[in-house]
Amino acid sequence: MKPATTTDIAILTINTIGFVGYLAWLVFASGEIFYTQEGVLYLLPCLPFFFVYLYLMQRLRSHGDEDPDKKE
């Protein structure tokens, strides 16, 4: 696994703060979202946060798994 750079850590930190902030807004400000048909639309903005996490984790893992002894 490749060590995380400062940019990776900054992006993960900002993404985590945004995700936690949005979830806090859902819990405290939006009310009872699951009692209406439109309630699921409040959860759709959570998907981009997961895409950022998956992209960065895959990027860190793929560069670190290269075997220097392997010859093609």
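**Close-up views around D8**

**View 1. The side chains of D8 and R59 meet in a polar contact of 2.6 Å.** A polar contact is a pair of N or O atoms within 3.5 Å; within protein, one must be able to donate a hydrogen and the other to accept it, and residues adjacent in sequence count only if both atoms are side-chain atoms. This is a predicted model: local features need pLDDT of at least 70, side-chain atom pairs count only at pLDDT 80 or more, and totals for chains, interfaces and linings use all residues. Residues are numbered from 1 along each chain as its sequence is written, and side-chain values use heavy atoms, with hydrogens and water left out.

**View 2. D8 and R59 form a salt bridge.** Their closest N and O atoms are 2.6 Å apart. The term covers a side-chain nitrogen of Lys or Arg within 4 Å of a carboxyl oxygen of Asp or Glu. This pair links distant parts of the chain, 51 residues apart: D8 lies in helix α1 and R59 in helix α2 (residues 47–64). Helices are DSSP runs (H or I, at least four residues), numbered from the N terminus. The structure holds one salt bridge.

**View 3. D8 sits in helix α1, residues 6–28.** D8 is buried, at 2% relative accessible area. R59 is partly exposed, at 24%. Buried means under 20%, exposed over 50%, and partly exposed in between (1.4 Å probe, protein chains only).

**View 4. The side chain of D8 also has a polar contact of 3.2 Å with that of T5.** Beyond neighbours within four places in sequence, D8 is in contact (heavy atoms within 4.5 Å) with L56, R59 and L60.

Notes. Helices (H or I, at least four residues) and strands (E, at least two) are DSSP runs, numbered from the N terminus.
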